[in-house]
Amino acid sequence: MSSSEAVLDHVNTHSRPSDLRITDMRVAEITGAPFRTAILKIYTNQGLVGLGEVRDGASATYALMLKSRLLGENPCNIDRLFRRIKQFGGHGRQGGGVSAIEIALWDLAGKAYGVPIYQMLGGKFRDKVRCYCDTDADRPSGTAMGLRLKERMDMGFTFLKMDLGLMQIADVPGAVVAPAGSLEGYRIHPQPGLSKTMEERRAKNAVYDVHNVRHPFSGLHFTDKGIDLLEQYIHEVREVIGYEVPLAIDHVGHISLQNGIRLARRIEKYVPAWLEDVIPWQYTDQYRQLQEATTVPICTGEDIYLKEGFEPLLRSGGLSVIHPDILTSGGILETKKIGDMAQDHGVAMAIHMAESPIAAMAAAHIAVATENFMALEFHTVEVPWWDDIVTGLPKPLLDRGFITVPDKPGLGIDDTVDEVLRAHLQDGVTDIWQPTDHWDNEYSWDRTWS
């Protein structure tokens, strides 16, 4: 082999970045990894394929409706395309489509130029990404929960999170003050799927409405007995796991600012890493009051879209930790900007993540490239096929509580494993990567000003 041939062996000869064009967009809608999600592929004229992911619980439509605004464009122009489509995203799951596309564009740009995403963000602050293990409160006592968390520690996790709040004491007489019948709606979560009758549809809508009543208007309050039970629960957990490992707290429930303050003060002695989503993130002044009333670090952010959504909270002093989900916040570059803005306010960044290895790798690239990063959520310890969704990554991807980001181009993923995806389709979905031609000519005059 000549020297020139040896050089060509290391050149991506089928990629001419300036001539790269988007030709198609398709999805695979799956469930159980750990929740419902839609994996996205953006195809190009040079055979390169970019991977993205629509956030858990969101609709693939949020991404597909934007297809006509991207066809024929060079995916390497990430910021320009993001600015074109970001008006179609929103808070919560409504940010899922824009964020999925943005991630897939970064994957394509990295593959086209042969560099990992973290390098395009400015390089590394760390080689490994610390993950915290999120563990649902499905144990009847703090001791039982502590033993489960101790198992996580034995797996190598050095950061933990658990639930502590309303639904753990809702069935205990005298623990919660609630308007008659109001707690029943919180025991049922809105579910996807076809409604066979009008009555079924109305019942689903009623559950949906209950879960959309914001905390100050729910009328729910912890009694002293309820607060005692919650304190006893975390006390028992700490008795098992000790105080050497950080323990974050989530899922307090639809309770008021005042109840959040009462709970926060009670558990200060157990040194929570943070107390998360006590009230809706929109109530900036209430977050300031909450943080000023307790020494527990206060955290929110998984439902906030774009850096503009985080700015009022950061300026208010109401947070010690921000917690964006990159599949809502706007994707890779926007989350990096959010982290840097938080650092300017002396606030750390953890990252919410309950998705497939695609979103996990996107988050990991941000984590290694952002100085004030603290920990990345991992919610799939009990999903044995999670690592099998993609090829090209180390197995297991998460090793002893850490993810190592490879130096491969883009996200570092080679491809999806279609057999695994087909084994976990959402109800009503017949196959993966089906044609989406009906979105090719979607049109509206999108300008929001005259």
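**Loops, strands and cores: a guided visit**

Visitor: Between which two strands is the loop where P396 lies?
Guide: Helices (H or I, at least four residues) and strands (E, at least two) are DSSP runs, numbered from the N terminus. A cis peptide bond links K395 to P396, with omega at about -5°. The loop holding P396 lies between strand 14 (390-391) and strand 15 (398-399).

Visitor: Good to know! What kind of model is this?
Guide: Residues are numbered from 1 along each chain as its sequence is written, and side-chain values use heavy atoms, with hydrogens and water left out. Local features need pLDDT of at least 70, side-chain atom pairs count only at pLDDT 80 or more, and totals for chains, interfaces and linings use all residues; this is a predicted model.

Visitor: Which residue does a cis peptide bond join to A33?
Guide: Look in the loop between strand 1 and strand 2, where the proline lies. The bond has an omega of about 0°. The residue joined to A33 is P34.

Visitor: In what order do the strands of the open sheet of 3 strands come?
Guide: Strands count as paired if DSSP finds at least two bridges between them. Strand 1 (22-30) and strand 3 (49-54) each pair on one side only, making them the edge strands. The pairing is antiparallel, and the order is 1-2-3.

Visitor: And which residue of strand 2 is the bridge partner of A28?
Guide: Strand 1 and strand 2 (residues 37-44) run antiparallel and are joined by 8 bridges. Within strand 2, A28 has as its bridge partner I39.

Visitor: Why is strand 4 said to be largely enclosed by the rest of the structure?
Guide: Buried means under 20% relative accessible area, exposed means over 50%, and partly exposed lies in between (1.4 Å probe, protein chains only). Strand 4 (residues 128-135) is largely enclosed because, of its 8 residues, the number buried is 6.

Visitor: Which residue in strand 5 is the bridge partner of D134?
Guide: Strand 4 pairs in the antiparallel sense with strand 16 (residues 402-404) over 3 bridges, and in the parallel sense with strand 13 (residues 373-378) over 3 bridges. Strand 4 also runs parallel to strand 5 (residues 160-163), joined by 3 bridges. On strand 5, D134 is partnered by K161.

Visitor: Which residues touch the most other members of the largest nonpolar core?
Guide: A nonpolar core is a set of buried Ala, Val, Leu, Ile, Met, Phe, Trp, Tyr and Cys residues joined through side-chain atoms within 4.5 Å. In soluble globular proteins, nonpolar side chains tend to be buried together. The largest core has 132 residues, and those touching the most other members are I101, M162 and I389.

Visitor: At roughly what angle do the axes of helix 14 and helix 15 cross?
Guide: Axes are lines fitted to C-alpha atoms, for helices over the stretch in contact, with angles from 0 to 180 degrees between N-to-C directions. In this pair, I332, T335 and K336 of helix 14 meet A362, I366 and A369 of helix 15, where contact means heavy atoms within 4.5 Å. The axes of helix 14 (residues 332-344) and helix 15 come within 10 Å and cross at roughly 35°.

Visitor: What is the hand of the crossing of helix 11 and helix 12?
Guide: The axes of helix 11 (residues 284-292) and helix 12 (residues 307-316) come within 9 Å. T284, Y287 and R288 of helix 11 make the contact with P312, L313 and S316 of helix 12. A crossing is left-handed if the near helix is turned anticlockwise from the far one by less than a right angle, and right-handed if clockwise. This crossing is right-handed.

Visitor: How far apart are G72 and R21 in space, C-alpha to C-alpha?
Guide: G72 sits in the loop between helix 2 (61-64) and helix 3 (78-85). Its relative accessible area of 43% makes G72 partly exposed. G72 and R21 are 51 residues apart in sequence, yet in space their C-alpha to C-alpha separation is 5.2 Å.

Visitor: What is the phi of H251, which is not a glycine?
Guide: H251 is placed in the loop between strand 8 (247-250) and helix 10 (257-267). With 46% relative accessibility, H251 counts as partly exposed. Its phi is positive, at about 55°.
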